[in-house]
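Dear colleague,

Please find below the sequence and the structure for your records. My notes on the structure follow directly after them.

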Amino acid sequence: IIRYFGFRCNSKDRVSMFKNLLLFSVLIPVMIFSGALHADSLEEIKNYREYSPAFASAGQPSRDQFAELKEAGFERIVYIAFANSKGAVSDEDQVVKDLGMDYAQVPVAWEAPTRADFDAFAAVMQSAPEKKTLLHCQANYRATAFAFLYRVIYRDVPLAEAKADMNTLWKPDGVWKELIFEVLEENGISPDCEGCDWSSDD
């Protein structure tokens with residue numbers, strides 16, 4: 001009988017212990033490699049942005065990419081464009097549901113987004129705030145704007161941080177800037193912050 005880690009072990013225990021150590025030595029690298037593969041595959045989704053382990057936004061995923069999202073642990077897909085948009089997956093709702101994920105759609109007109117649109121999206125998110133969610137549209141412009149508002153209002157992310165994330169893709173102007181300012185004001189939040197530049201790139 002030999003002591004291991006302060007415990008008395010006979011030969012049978014030692015064999016079992018060595019088998020477990022060998023198993024872990026194989027599984028851990030595989031798990032790390034698998035996680036890296038998922039991360040790489042998700043980065044291939046158009047304009048993919050990850051804000052936290054449970055929330056990301058993107059442009060339109062392909063059919064195969066929805067399966068990759070499921071494998072990466074996503075539990076809910078929220079689509080905020082129209083089913084007849086260019087490049088849309090016409091039966092996206094069925095594809096997502098068949099994969100075992102929740103699905104919600106809030107059609108948002110690019111030329112005329114409204115406070116009601118954002119409220120409908122936020123209600124979906126707040127119905128199960130812990131679910132790992134991908135928010136998407138066609139190019140991740142609508143989605144980054146809604147993600148910015150949701151993170152600031154419901155997740156208490158500093159405005160400057162959330163805006164910097166949004167600005168890696170675009171600087172909202174026109175009706176989108178107006179909507180952002182309106183929603184922030186109605187929630188008692190100023191759009192002004194150190195380093196926040198709301199001027200257009202044009």
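**Findings**

In the protein chain, 72% of the contacts with a separation of 6 or more are between residues 24 or more positions apart, a contact being heavy atoms within 4.5 Å. Please note that this is a predicted model, in which local features need pLDDT of at least 70 and side-chain atom pairs count only at pLDDT 80 or more, while totals for chains, interfaces and linings use all residues. Residues are numbered from 1 along each chain as its sequence is written, and side-chain values use heavy atoms, with hydrogens and water left out.

**Overall make-up**

The protein chain holds 7 helices and 7 strands; helices (H or I, at least four residues) and strands (E, at least two) are DSSP runs, numbered from the N terminus. Their order from the N terminus is β-β-α-β-β-α-β-α-β-α-β-α-α-α. Of the 202 residues, 39% are buried. Here buried means under 20% relative accessible area, exposed means over 50%, and partly exposed lies in between (1.4 Å probe, protein chains only).

An open sheet of 5 strands runs in the order β3-β4-β7-β5-β6, with mixed pairing. Its edge strands are β3 (49-52) and β6 (102-105), each of which pairs on one side only. From one strand to the next, the twist averages 20°. Two strands are taken to pair if DSSP finds at least two bridges between them.

β3 and β4 are antiparallel over 3 bridges and form a hairpin with 2 residues between them. In this pair, Arg-49 stands opposite Ser-57 of β4. β4 (residues 55-58) also pairs with β7 (residues 133-136), here in the parallel sense over 4 bridges, and Ala-56 has Leu-134 in β7 as its bridge partner.

Helix α5 (residues 141-154) packs on the sheet, where it touches β3, β4 and β7, and its direction makes about 155° with that of β4. Helix α4 (residues 115-127) lies across β4, β5 (76-79), β6 and β7, and runs at about 175° to β5. For these angles, axes are lines fitted to C-alpha atoms, for helices over the stretch in contact, and angles run from 0 to 180 degrees between N-to-C directions.

**Asn-140**

Asn-140 sits in the loop between β7 and α5 and counts as buried because its relative accessible area is 0%. Leaving out residues up to four places away in sequence, Asn-140 touches Asn-47, Arg-49, Ser-57, Ala-58, Gly-59 and Leu-169. The side chain of Asn-140 reaches the backbone oxygen of Asn-47 at 2.7 Å, and a polar atom of that side chain lies 3.4 Å from the backbone nitrogen of Ala-58. A polar contact is a pair of N or O atoms within 3.5 Å; within protein, one must be able to donate a hydrogen and the other to accept it, and residues adjacent in sequence count only if both atoms are side-chain atoms.

**Cysteines**

There is 1 disulfide, a disulfide being a pair of cysteine sulfur atoms within 2.5 Å. It joins Cys-193 and Cys-196, whose sulfur atoms are 1.5 Å apart. Cys-193 is partly exposed at 26% relative accessibility, whereas Cys-137 is buried at 1%.

Yours sincerely
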